[in-house]
Amino acid sequence: MTTFAELGLSPKILAAVEAAGYTTPTPIQAGAIPHALERKDVLGIAQTGTGKTASFVLPMLHLLEKGRARARMPRTLILEPTRELAAQVEENFVKYGVNHRINVALLIGGVSFEEQERKLERGADVLIATPGRLLDHFERGKLLLTGVEILVIDEADRMLDMGFIPDIERICKLIPFTRQTLFFSATMPAEITKLTEQFLHSPARVEVAKASTTAKTVTQRLVKSAKKPWDKRAVLRDLIQAEGDELKNAIIFCNRKMDVSELFRSLVKHGFNAGALHGDMDQRARMTMLSNFKDGNLQLLVASDVAARGLDIPDVSHVFNYDIPIHAEDYVHRIGRTGRAGRSGKAFSIITASDTKHLDAIEKMIGEKIEWLDGDLSTLPAQEETEETGRRGRNSRGKNGKKPRDAKEHKEKQAQPRVAEEKAAEAPVVADISALDAPQPVIPDNVSLGTAVTQEPVRPAPHKNGNDERRQNHTQNGQQNNKRHRRDFDDEPSPLGFGDDIPAFMLIPINI
Ligand code: AMP
């Protein structure tokens with residue numbers, strides 16, 4: 001088995017890796033690092049969770065040991081599709097770069113331009129950026145890319161999904177031809193292959209576990225549910241409760257950010273310790289939420305795919321698919337949040353009658369049938385799906401005549417007008433938070449909570465709630481943000497009553 005010492009890394013890096021507690025390189029590290037150290041282009045086909053970040057951070061640190069940065073001319077550039085991933089890569093430089101004196105600058109949306117410009121002015125050894133924000137700085141004339149020696153393009157297939165490829169092509173053309181390029185993607189669709197043919201020079205191809213496989217350490221189960229949101233929420237609560245102490249922490253995935261918001265409010269209302277993450281929350285709120293989840297202050301994190309993509313949360317015991325993902329590949333990414341580094345994990349997917357098509361696609365892709373927890377959809381009691389029928393429906397007794405599992409709740413619901421109750425669930429759960437006199441988070445001047453300040457995905461088609469119009473017309477420090485049209489995977493209207501009303505207890509200030 002290869003050791004880190006055999007990879008050719010410097011003593012300073014080896015000491016940092018040891019201090020981080022890693023003894024053996026992962027396959028992508030063992031495969032990519034030697035080529036990167038030889039200054040070859042690398043095409044790494046690997047997903048998050050495989051140790052891919054260190055496979056470019058470690059050789060970069062090694063190569064940066066010689067030379068120093070000049071003002072506004074970064075020596076290396078890492079492109080990431082989301083702000084969270086960019087911030088995570090920065091954390092990796094902190095971890096592995098403890099014995100180095102390097103300047104790392106992060107250029108992401110939702111943070112003031114001035115602060116980022118100061119960092120660029122000081123000279124950055126490493127620049128980590130999302131494509132939109134990078135180009136905005138470039139257009140403001142605050143950045144020269146002619147000094148970039150190493151370019152890293154991470155999560156390229158995600159970049160494609162999010163409509164970033166034209167930006168990537170533009171950026172590649174702004175960087176000297178003589179650079180070294182390290183390119184990572186979990187999958188290789190035709191557009192990505194084309195990009196690699198255009199911008200990589202005889203790359204060393206390093207491929208590890210395919211994106212279409214799920215870890216053997218994850219127990220996957222399907223759970224039947226009727227279609228209405230209250231049915232699904234009740235099924236989810238029952239599942240969480242049934243797991244008891246086994247459930248250390250969990251990510252609950254929804255397909256739409258509206259549902260993230262609604263489910264989050266419902267869980268809090270039912271006394272669960274939950275937070276939420278979706279693409280319309282500003283950077284500070286997202287980072288704080290994530291940090292609280294990582295630190296164990298929040299047990300449950302309700303998230304959309306775009307917000308959770310690639311997050312490095314090492315020890316998640318459970319993943320719940322409140323909605324089955326529309327893209328089969330997302331299932332693998334979601335499930336990949338648990339069962340990491342050989343640990344065991346559980347993944348439950350709530351399935352309704354209208355999900356069978358997506359479920360079939362997932363099972364086809366992963367090449368296995370997923371077991372049902374408690375009988376498949378045919379065992380579901382007949383339901384009347386009308387608003388008036390209430391949460392469990394009139395016919396909520398099972399075939400055996402038994403009451404639903406959550407009988408107490410059912411009884412309580414019967415005592416109240418149901419439609420009004422659903423309306424109440426829609427209301428911001430934090431309406432009275434100001435009365436608590438809780439400390440408010442510090443928000444950068446140019447950021448307003450709950451509005452789409454991101455430089456990242458902007459959907460092309462205007463939405464009926466005007467959200468797109470708001471996004472497209474939104475300006476940041478005078479920069480018109482309607483030049484680039486991108487697809488947003490949180491592709492639904494902005495949730496009301498969440499962006500502006502994030503509970504203060506979830507925004508315990510942290511240093512980021
Ligand atoms: P990544 O794929 O870069 O998101 O890394 C996934 C997780 O693996 C992170 O928590 C890393 O800290 C961890 N990790 C990275 N390299 C190693 C290694 N050689 N051995 C064990 N864990 C690692």
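Because the model is predicted, local features are reported only at pLDDT of at least 70 and side-chain atom pairs only at pLDDT 80 or more, while totals for chains, interfaces and linings use all residues. Residues are numbered from 1 along each chain as its sequence is written, and side-chain values use heavy atoms, with hydrogens and water left out.

Of its 512 residues, 56% count as buried; buried means under 20% relative accessible area, exposed means over 50%, and partly exposed lies in between, with a 1.4 Å probe and protein chains only. The accessible surface of the chain is about 21,700 Å², and carbon and sulfur atoms make up 51% of it. Such areas come from the Shrake-Rupley method with a 1.4 Å probe, and for residues only the protein chains shown count as cover. Among contacts (heavy atoms within 4.5 Å) with a separation of 6 or more, 77% join residues 24 or more positions apart.

The ligand comes next. Around it stand 14 residues, of which Tyr22, Gln29, Gly49, Gly51 and Thr53 come nearest; a residue is near a molecule or strand if one of its heavy atoms lies within 4 Å of it. This shell divides into three nonpolar, eight polar and three charged residues. In that grouping, Ala, Val, Leu, Ile, Met, Phe, Trp, Tyr, Cys and Pro are nonpolar, Asp, Glu, Lys and Arg are charged, and the others, Gly among them, are polar. Tyrosine 22 places a polar side-chain atom 2.4 Å from an oxygen atom of the ligand, and for lysine 95 the corresponding distance to a ligand oxygen atom is 3.2 Å. In the side chain of glutamine 29, an N or O atom is 2.8 Å from a nitrogen atom of the ligand. Taken alone the ligand exposes 500 Å², and the protein buries 83% of that.

Elsewhere, helix α6 (residues 131–139) is largely enclosed by the rest of the structure, because seven of its nine residues are buried. These are Pro131, Gly132, Arg133, Leu134, Leu135, Asp136 and His137. Just after α6, glycine 141 takes a positive phi of about 75 degrees.

Arginine 72 has a phi of about 60 degrees and sits in the loop between α3 (52–64) and β2 (76–79), where its relative accessible area of 33% makes it partly exposed. Glutamate 155, with a phi of about 50 degrees, lies in the loop between β5 (150–153) and α7 (156–161). Its relative accessible area is 4%, so glutamate 155 is buried.

Threonine 196 belongs to helix α9 (residues 190–199) and is buried, with a relative accessible area of 8%. Apart from neighbours within four places in sequence, threonine 196 contacts Leu43, Phe183 and Met188.

Finally, the cysteines deserve a glance. Cysteine 172 is buried at 2% relative accessibility, and cysteine 254 is buried at 0%. With a disulfide taken as a pair of cysteine sulfur atoms within 2.5 Å, the count comes to zero.

Note on methods
Helices (H or I, at least four residues) and strands (E, at least two) are DSSP runs, numbered from the N terminus. A polar contact is a pair of N or O atoms within 3.5 Å; within protein, one must be able to donate a hydrogen and the other to accept it, and residues adjacent in sequence count only if both atoms are side-chain atoms.
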